[in-house]
Amino acid sequence: MRDTILLINPNTRREPPVIPLGLEIIGSALERAGHNVEMLDLCFESDPVGVAVETARRVRPLFAGITARNVDSAIFDNNEYFIPGISKIVQAVKNEGVATILGGAGFSAMPELVLKETGADYGICGPSEKAIVDFANTMKSGAAPAKIINGWSAGIDPSFVPERPFKIDYRKYVANRGIVGFATQYGCTGRCEYCIEAGTKVIHREPAAVVREITDLRNLGFRDFHLCDCEFNLNLDFSERFAGELAAAEPDISWVAYMKPTPVSDRLFSLMKKSGVIAVTLSVDSVALDSPDSTYSFDDAARFIRLCRENDIKLAVDLLTGLPGEPVDSTVKTLDFFRKNRPDTVGASCHVRVYPGTKTHSALAGRGDMAPFLTRPPDDSRLYPVFYNHLPTERLNEMTADDPMFKIEGFENSSNYERLK
Ligand code: B12
Ligand code: SF4
């Protein structure tokens, strides 16, 4: 009887390497539900396919769960497309007669396409700690599961505290520029038309469970953390509550977070500082900053920068500019705004990744006049990375060359948490 479940991390990108938190969470949930789990982390392997084949042969698992965190590196210059590498692992495992199931952020954004291109048998979209246990029970019973399962409807147990590290060698990651992550919630209420996370259901964990997870990791000696929410401040009450509970636990940690310009408050920033936040990445685009019907404005961004400064929190801005139809004056105005308001660094991109399923994709598909600005025609039936661009990188370079605060994304393989150190 095949009993063990094999979980595989095929992510070999090491700039920086990322601990497969999603796999740890589902692995821990499976074990808590009584299943045996073996973890295969290919991040630092020189022959990932060979090791996957050898492990599948040795373990003969009930099924293999493979995480598809990234479809590609999402940045135009030096873009890396990960699907061929993931497909090789899927095929190698399937050739050993093992059923495969995918999950992860990249998979969840385009499930049908990722299944088609990788040839995997099943997939779960969204949070999967409950859905994977149901799937394992179905497989064990011999019944046929659905091909694509909705993890958002299955939901989570908000009080669940996963075992961590869960069969992953964190020391290797930390020694190679990696950082330990934690998540307080899933989903995003944002409306950014180019983003694969826009409008996904928000599900919160209980702050006490997250604080317990962090303090347990701190007791094992880990001190530096990266928040793994798409944006921390989706809901002001929740973020204040979490930061307050973490501050009260006095965990003696440092952490960094992604945030959006609103909602914010003086109280939130003061609690963030007390709980150990040292740096924030603020994501904005130059059209939204200057649009009356957007959820944020230049004034909001200015307030955000001031709050970081007053609380001695470093700030990196991720700026997307040159959006479809955006006049160059709008980019100039935005760059001037940051020159004047001065966050610690601004990473600018002028290529928009066009993901199937997003509003940007449907707005551009079939528009003959937009064809000159697209690297390939957007096509609902293909997964390969497509980018929109009308503002040449050289032009953006010239526009920002006067000020070392600006960096053009895609030429330096490091994350903001490393740049702000
Ligand atoms: C935090 C973060 C980072 C941090 C990570 C820090 C750390 N130590 O963890 C840093 C800054 C390092 C980073 C880097 C990058 N990131 Co990043 N990152 C994120 C973010 C916000 C959270 C990821 C996360 O850990 N979430 C929390 C965990 C618990 O959720 P999860 O992984 O989704 O897992 C759940 C489910 O998906 C599912 N699941 C996961 N795996 C599996 C497997 C199976 C079999 C099943 C059934 C289910 C399942 O169950 C889990 C539990 O519910 C995501 C966006 C997001 N909201 O997910 C982007 C995101 C994943 N990143 C993205 C990108 C592009 C990158 C980079 C490539 C950027 C770059 N150009 O360098 C690099 C890649 C680095 C690498 N080596 O892979 C993109 C990927 C998009 C794409 N094109 O595919 C995302 C989606 C952001 C976006 N909206 O575009 N990132
Ligand atoms: S860019 Fe940020 S705020 Fe906008 S939809 Fe994506 S994750 Fe949400």
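**View 1. Helix α1 gives the most to the shell around ligand 1, with five residues.** The structure is a predicted model, in which local features need pLDDT of at least 70 and side-chain atom pairs count only at pLDDT 80 or more, while totals for chains, interfaces and linings use all residues. Residues are numbered from 1 along each chain as its sequence is written, and chains are lettered from A and ligands numbered from 1 in the order in which they are written. Around ligand 1 there are 44 residues, the closest being G22, G65, G103, G181 and C228; a residue counts as near if its C-beta atom, placed from the backbone, lies within 6 Å. At least two residues of this shell come from each of α1, β3 (63-67), β4 (100-103) and α4 (105-109). Helices (H or I, at least four residues) and strands (E, at least two) are DSSP runs, numbered from the N terminus. By class, the shell around ligand 1 has 25 nonpolar, 14 polar and five charged residues. Ala, Val, Leu, Ile, Met, Phe, Trp, Tyr, Cys and Pro count as nonpolar, Asp, Glu, Lys and Arg as charged, and the others, Gly among them, as polar.

**View 2. The residues around ligand 2.** Ligand 2 is surrounded by C188, G190, C192, C195, E197, A198, C230, E231, K260 and S283. This shell has five nonpolar, two polar and three charged residues.

**View 3. Helices α1 and α6 cross at roughly 55°.** The axes of α1 (residues 21-32) and α6 (residues 131-141) come within 9 Å; axes are lines fitted to C-alpha atoms, for helices over the stretch in contact, and angles run from 0 to 180 degrees between N-to-C directions. The two helices are therefore oblique to each other, a class left after roughly parallel (under 35 degrees), roughly antiparallel (over 145) and roughly perpendicular (65 to 115). Their crossing is right-handed, that is, the near helix is turned clockwise from the far one by less than a right angle. I26, A29 and L30 of α1 meet I132, V133 and A136 of α6, contact being C-beta atoms, placed from the backbone, within 7 Å. By class, the contact has six nonpolar, no polar and no charged residues.

**View 4. An open sheet of seven strands with parallel pairing.** The strand order is β7-β10-β11-β12-β13-β14-β17, where two strands pair if DSSP finds at least two bridges between them. At the edges lie β7 (180-182) and β17 (406-408), each pairing on one side only. From one strand to the next, the twist averages 20°.

**View 5. The pairing of β14 with β17.** Strand β14 (residues 345-349) runs parallel to β17 and is joined to it by three bridges. G347 has K407 of β17 as its bridge partner.

Technical notes. Contact = placed C-beta atoms within 7 Å.
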